[in-house]
Amino acid sequence: MAKIGINIATGSLQQAEMIVGIDLGTTNSLIAIIHPESKQPTALREHNTSSLVPSIVHFDPYGNPVVGEEAKKFLETDPQNTIFSAKRLMGKSYKDIKEHSGFFTYKVIDDDTESLVKVQVGDRFFSPIDLSSFILKELKQRAEHILKTPVTKAVITVPAYFNDAQRQATRDAGKLAGLDVMRIINEPTAASLAYGLGLRKDEEKTIAVYDLGGGTFDISILKINSGIFEVLSTNGDTYLGGDDLDRTIVKYWMSEVGITEEELRQNKALSQGLRLRAEEAKKHLSSNDIFSIDWNGETLAITKTKFEELIKPLIGKTIECCTNALADSKLTAKDIDTIVMVGGCTRVPAVKEAVSAFFGKPVNDSVNPDEVVALGAAVQADILAGNNKDFLLLDITPLSLGIETMGGLMDVLIPRNAKIPTKVGRQYTTQKDGQADMRISVFQGERDLVKDNRKLAEFSLKGIPGMPAGLPKVEVSFLINADGILVVKAKELRSGVEQSIEVKPQYGLTDEEVEKMLMDSITHAKGDMQVRALVEARTEGEQILSVTEKFIAKNTSLLSKDELVSTAAAMQALQLALTMEDKDLIHTKIEALNEISRPFAERAMDQAVSGALKGKTITS
Ligand code: ADP
Ligand code: MG
């Protein structure tokens, strides 16, 4: 029977599991879910308000943070205490942002070192993680208010070019905000998902995602194949976006009305006012031919034609980035199947036209470009929540993962193309009597011998209590979490000693290397199989020799002289076969030795069992 949860605080029914999608943007952030009734991705908004929350944090004189529209008001009136674009600082040191330090109107700690930047507000210091967590907390509270249920799990998006440190910083911000970050996904991947791209199993497509936001421009070329998104290349300009379009209009009006740069610098209210009117004009011109208002007794006007003329060089820059991205992915415009438009500024018709002309086909712009990333994150969240069983989980392991066993063989625990997260366990045992340590070597690749694969890690399970060979039960488990981190654990089940290690299988492997490893396994398949069969036969032969040897040493009295002689001969024959490259010969000799030893082995068993009944322990 299914259980229905009730939220004690609000009395409302709780859903099985709600995971939200969050676009943590440089300019605007928002939260989206799959609507429980319509099943459509939906951005959350309080009635009659925008779904967008400006990514701005203002601190009042007591140091209390306010986020969103409320904070935006303070951009010009209280710039030192109003933090915008915190995302630009994620995972960065002052060295990284030095070149653009003039951009920030608040105090960024400028000790010129490798350490991560902090922002100073009054006498308090905030890391970009702290600042992002304030934004996430605000989004979480909003969502809880609208949904009337606690929101604790989220998928958060990041730019495709974010490195490990920046992704981890985003994850930490989520944690600080009280969110369990189920997965970090790339913004262009999310945007594609919102268009339903990549959800069909047999789909193979090359996609360009053009994202012109408030302050940044990104172009990403993605390849989707059977639900797997691969970033072929990214390009862009981290200081080019809607703000620059606004600035062209401000400049135009200044010359029209007769305002100097100096006046603008002196008069904050003037510059703030002009900037806001310019943004208004830009938005208006996305669906009208002329903008005109009266402002302080002056007429501020601009036509669409004029605006397009002004922004032409800026659009040109983005197209240049597209050219570079295509070149990096070794593709041409013709190879792109679908173009996805993201970011508020792609509403500008001239932008759409330029992109469409460059790629030679119409662009996809039917989904709201401000919301498309969050909507896609919600689609991914829904798949993770298990509500959408028709769709593939999007991440798989590109190469097999396993450990080294006797004779240098690769024993695969997680085969390639396994869906992640995943967990697999298998039992192994010791090779020598009294063996206290067991070395676990983790490899990645498709070849049968570990020497042809890539070693990821190695560790030793120490302190296995003294036992005869073959008796300890060592369970080796592989767990790959949703972030692709592999945790390998070894545990001796009788004694409970255990040891584990964490590795990143993908780390440092380029796509070409993965492809080469796959190709190698195909070209070497036959040879590999033969080698494996030989190694397995040898291992088996060696084990039987060692067991027989031990048995005879202990039970000489049970064996007749003839048996001793024939056993010795069979052992010698097997020993000799092991030195040759013939697995069939080894098998024949193993069989022969078994034939001879079977009768006395059975006799010894009876003895041991009756001995045990008298209170002794069975040992081999
Ligand atoms: P980010 O991804 O950087 O957080 P967004 O995708 O939210 O940014 O884009 C914000 C930018 O989009 C702002 O510069 C805003 O002025 C611009 N914008 C929003 N609506 C429109 C519109 N209708 N026409 C042109 N630009 C718009
Ligand atoms: Mg964005």
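**Figure 1. Strands E7 and E8 pair in the predicted model.** In this predicted model, strand E7 covers residues 56-59 and is joined to E8 by 3 bridges. The two strands run antiparallel. One residue pair can be picked out here: phenylalanine 59 has proline 65, in E8, as its bridge partner.

**Figure 2. E7 and E8 belong to an open sheet with E9.** The sheet has 3 strands, in the order E8-E7-E9, and the pairing is antiparallel. Which strands stand at the edges? They are strand E8, residues 65-67, and strand E9, residues 82-84, and each of them pairs on one side only. From one strand to the next, the twist averages 20°.

**Figure 3. Helix H4 lies across the sheet strands E7, E8 and E9.** The helix is made up of residues 128-147. Its direction is at about 105° to that of E7.

**Figure 4. The largest cavity has a lining of nonpolar, polar and charged residues.** The model holds 4 cavities of 30 Å³ or more. In the largest of them there is about 50 Å³ of space. The residues that line this cavity are Pro159, Ala160, Glu187, Pro188, Val209, Asp211, Asp218 and Ser220. Sorted by class, 4 are nonpolar, 1 is polar and 3 are charged.

**Figure 5. The largest cavity is placed relative to helix, strands and domains.** Helix H6 (187-194), strand E15 (204-212) and strand E16 (217-225) each supply at least two residues of its lining. Why does the largest cavity lie between domain 1 and domain 2? Domain 1 consists of 18-195 + 368-384 and domain 2 of 200-365; both give residues to the lining, so the cavity lies between them.

**Figure 6. The second largest cavity has a volume of about 40 Å³.** Its lining is formed by Leu30, Ile31, Leu44, Arg45, Glu46, Ser51, Val53, Leu139, Arg142 and Ile146. Strand E4 (28-34) and H4 each supply at least two of the lining residues. The lining divides into 6 nonpolar residues, 1 polar residue and 3 charged residues.

**Figure 7. Four strands form an open sheet in the order E23-E26-E27-E28.** The pairing in this sheet is antiparallel. Strand E23 (422-428) and strand E28 (498-503) are at the edges; each has a single partner strand, so one side of each is left without a neighbour in the sheet. The twist from one strand to the next averages 15°.

**Figure 8. Strands E23 and E26 pair over 7 bridges.** E26 comprises residues 474-480, and its pairing with E23 is in the antiparallel sense. Which residue of E26 does glutamine 427 stand opposite? The residue is glutamate 475.

Notes:
Residues are numbered from 1 along each chain as its sequence is written. Chains are lettered from A and ligands numbered from 1 in the order in which they are written. This is a predicted model: local features need pLDDT of at least 70, side-chain atom pairs count only at pLDDT 80 or more; totals for chains, interfaces and linings use all residues. Side-chain values use heavy atoms; hydrogens and water are left out. Two strands pair if DSSP finds at least two bridges between them. Axes are lines fitted to C-alpha atoms, for helices over the stretch in contact, and angles run from 0 to 180 degrees between N-to-C directions. Contact means heavy atoms within 4.5 Å. On a 1 Å grid over the protein atoms alone, a cavity is a set of points where a 1.4 Å probe fits but cannot get out, and a pocket is an open set with protein on both sides within 12 Å along at least five of seven lines; lining residues have an atom within 4 Å of a point. Grid points are joined across faces, edges and corners, and a volume is the space filled by probe spheres set on the points. Ala, Val, Leu, Ile, Met, Phe, Trp, Tyr, Cys and Pro count as nonpolar, Asp, Glu, Lys and Arg as charged, and the others, Gly among them, as polar. Domain bounds come from an automatic or database domain assignment.
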